[in-house]
Amino acid sequence: MIDANAYLGNWPFRPLRYTTPDALLGKLDALGIERAVVSPLPNVFYKDQLAGNRVLHDQVKTHADRFLPAFTLNPTFPGWEEDLAICVEEFGMGVMRLHPNYHRFALDSAAGNAALAAARAHNFVVILTVGIEDTRHHHPLVKVPDVPGAELAAAVSAFPDVRFLIAAGAFAALNAVWAEATRRDNLYVEISRVQGPVGDIEKLCATMGADHVLFGTNLPLHVPEAPAMALAHAKISAGERRQIAHDNAARLFGLA
Amino acid sequence: MIIDVHVHTRLGPDPHGFQYLLRQAEELDVTLCVNSLSPKDGSGMPQSPTEDEVRRCNDWTAELAAAQPARIIPMWYLNPAHEDFACRELEARVAAHDGPQGVKLWVAVRCNDPRLDPIMRLCAAHKLPVLQHTWFKVTGNLPGESTPMDLRELALRHPDVSFFWGHCGGDYEYGAKCARGLPNVYMDLGGGEAMNGYVDILVEHETADHVVFGSDAPGRSLISQLAKVYGADVNEEQRERILYRNAQAVFARQTHANGASL
């Protein structure tokens, strides 16, 4: 299995398990997950994304066979283009993760367009993060709405030659992106925060096709057994299950 | 065996969700404690239902329970604002149903309201567990939506009633602390995302003896909510208590003419 959506590092609002490389690898091993696409969780709140990206680079370079880094960028922060160059040239960046809501930019703004244009220029896969966790649970001083489906769909449609993974969206959010996108061949979703309604995986496959759905955990914020068990119990074919668990991510991220 | 204390007949627009859930419950041997928050005709899910709407909601629950007596435990839905009618409705349902059963309260009235007291006295007399919805939403609660702090008040006021603490308080960190030290409450895992540490914090503060499995299906998937338990650092005995033994013990306090039990 390949986990298309995970993080390393701590979260400011509560202690979590599986935040270090060794702990995360132990959990992945327990669930039979061979590889994970990981981003720096502290970067959700760091102003300087390069600081968190450097830590991530150090963490994953000794586990290159297990972790694929998805470095984060904030295109509103001074010097982000130079930082991007460092990520590309020194860290070998191939996947870009954006947090438009936490970093407070619209994907269709000048900053958002600049980031996506850079992704196109570098042929990055772009992970667009809908949210981190249930907005009803947020700290009262840090209430951050999920990125609207229409905004995500517009970005996917505006950059048809960029491959997008919509990460950590609930069932309705993922369906909204799919429904509103005018281009979909470059659109993929992952299932970490789907968690219902009953029959959710079957319904996503029926709507989008199993070749657009990826397994993801949102570790260490969520319990990875949720997507793993959802996939195991879904009434889909063995071929569809294999696509979601492994093949789609292997193809999207260029993993052997 | 698994007992799911928090199941709806319908939540959301999908009319087929409950049938899917029933099939899955048979596969996984799950007993479903079912409440209807909307009448069978699909005419909405009013936050403060009328007497007629309550009656029709419970008619649907009764129909389902009669059709699947080994699989479904009815949880009678009441609106405490109706006062006398709510008690009459509950008495009628209990008289007509000879088997395990309970009560469901949602968002019509905050649960620390004294209008709940006559209902609670009936629940104590019939040993009916009460599934009380709770949420503490940083985005704002509905007007009649109970917080975990409200349920703590009610549980203290009625120590002879067993409460299934709906959604563990919604924000389970608030719920876990609010429920500490209350012997008559059982934290219902149903609803909300399967967060890392969700069950662990409840076991830490309430012990595994006071946590019960709930799903909030069909709006939530049964599987994602089961994963909260299977993803927790608990031992086999604790897992069994959460998945069914605690709820089984609550329903075992009831006596039924036909000897029905779980």
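## Around Ala168(A)

Two residues count as in contact when their C-beta atoms, placed from the backbone, lie within 7 Å. With that in hand, and bearing in mind that this is a predicted model, which residues does Ala168(A) touch, leaving aside its neighbours within four places in sequence? The list is Asn5(A), Thr129(A), Val130(A), Gly131(A), Ile132(A), Ser192(A), Arg193(A) and Asn218(A). Take Gly131(A) from that set: it is 37 residues away from Ala168(A) in sequence, yet the two C-alpha atoms are 6.0 Å apart in space.

Ala168(A) itself sits in the loop that links β7 (163-167) to α6 (171-180) of chain A.

The peptide bond joining Gly196(A) to Pro197(A) is cis, with omega at about 5 degrees. Gln195(A) has its place in the loop between β8 and α7 of chain A too. Its phi is near 55 degrees, which is positive for a residue that isn't glycine. Gln195(A) has 27 C-beta neighbours inside 10 Å and therefore counts as buried.

There is another cis peptide bond between Leu219(A) and Pro220(A), again with omega at about 5 degrees. For this one, look at the loop between β9 (213-214) and α8 of chain A, where Pro220(A) lies.

## A three-stranded sheet in chain A

In chain A, 3 strands make up an open sheet, ordered β1-β2-β3 and paired in parallel. Which strands stand at the edges? They are β1 (2-8) and β3 (67-69) of chain A; each has a single partner strand, so one side of each has no neighbour in the sheet. From one strand to the next, the twist averages 35 degrees.

Strand β2 (residues 35-40) of chain A is joined to β3(A) by 3 bridges, and the two run parallel. Within this pairing, Ala36(A) stands opposite Phe67(A) in β3(A). Helix α2 (residues 49-60) of chain A lies across β1, β2 and β3 of chain A, and its direction makes an angle of about 150 degrees with β2(A).

Over in chain B, strand β1 (residues 2-8) has 6 of its 7 residues buried, so the rest of the structure largely encloses it. It runs parallel to strand β2 (residues 30-35) of chain B, with 5 bridges joining the two. One example of a pair is Val7(B), whose bridge partner in β2(B) is Val34(B).

Cys168(B) lies in the loop between β6 (163-165) and α6 (172-178) of chain B. Here phi is near 55 degrees, a positive value in a residue other than glycine. Cys168(B) has 32 C-beta neighbours inside 10 Å, so it counts as buried.

Helix α2 (residues 51-67) and helix α3 (residues 84-96) of chain B have axes that come within 11 Å and cross at roughly 20 degrees. Angles under 35 degrees count as roughly parallel, and α2(B) and α3(B) are therefore roughly parallel to each other. Their crossing is right-handed. From α2(B), Glu51(B), Val54(B), Arg55(B) and Asn58(B) meet Phe85(B), Glu89(B) and Arg93(B) of α3(B). By class, that is 2 nonpolar, 1 polar and 4 charged residues.

What about α3(B) and helix α4 (residues 117-126) of chain B? Their axes come within 9 Å and cross at roughly 20 degrees, and the crossing is right-handed. These helices are therefore roughly parallel to each other as well. Ala86(B), Cys87(B), Leu90(B), Glu91(B) and Val94(B) in α3(B) meet Pro118(B), Ile119(B), Leu122(B) and His126(B) in α4(B). This contact has 7 nonpolar, 1 polar and 1 charged residues.

## Where the chains meet

Between the chains, 28 residues of chain A are in contact with 32 residues of chain B. Which element gives the largest share of chain A's side? That is helix α8 (residues 225-233) of chain A, with 5 residues. Sorted by class, the side of chain A that touches chain B has 11 nonpolar, 8 polar and 9 charged residues.

How values were computed:
Residues are numbered from 1 along each chain as its sequence is written. Chains are lettered from A and ligands numbered from 1 in the order in which they are written. This is a predicted model: local features need pLDDT of at least 70, side-chain atom pairs count only at pLDDT 80 or more; totals for chains, interfaces and linings use all residues. Helices (H or I, at least four residues) and strands (E, at least two) are DSSP runs, numbered from the N terminus. Ala, Val, Leu, Ile, Met, Phe, Trp, Tyr, Cys and Pro count as nonpolar, Asp, Glu, Lys and Arg as charged, and the others, Gly among them, as polar. Axes are lines fitted to C-alpha atoms, for helices over the stretch in contact, and angles run from 0 to 180 degrees between N-to-C directions. Angles under 35 degrees count as roughly parallel, over 145 as roughly antiparallel, 65 to 115 as roughly perpendicular and the rest as oblique. A crossing is left-handed if the near helix is turned anticlockwise from the far one by less than a right angle, and right-handed if clockwise. A residue is buried if 20 or more other C-beta atoms lie within 10 Å of its own, exposed if 12 or fewer, and partly exposed in between; C-beta atoms are placed from the backbone. Two strands pair if DSSP finds at least two bridges between them.
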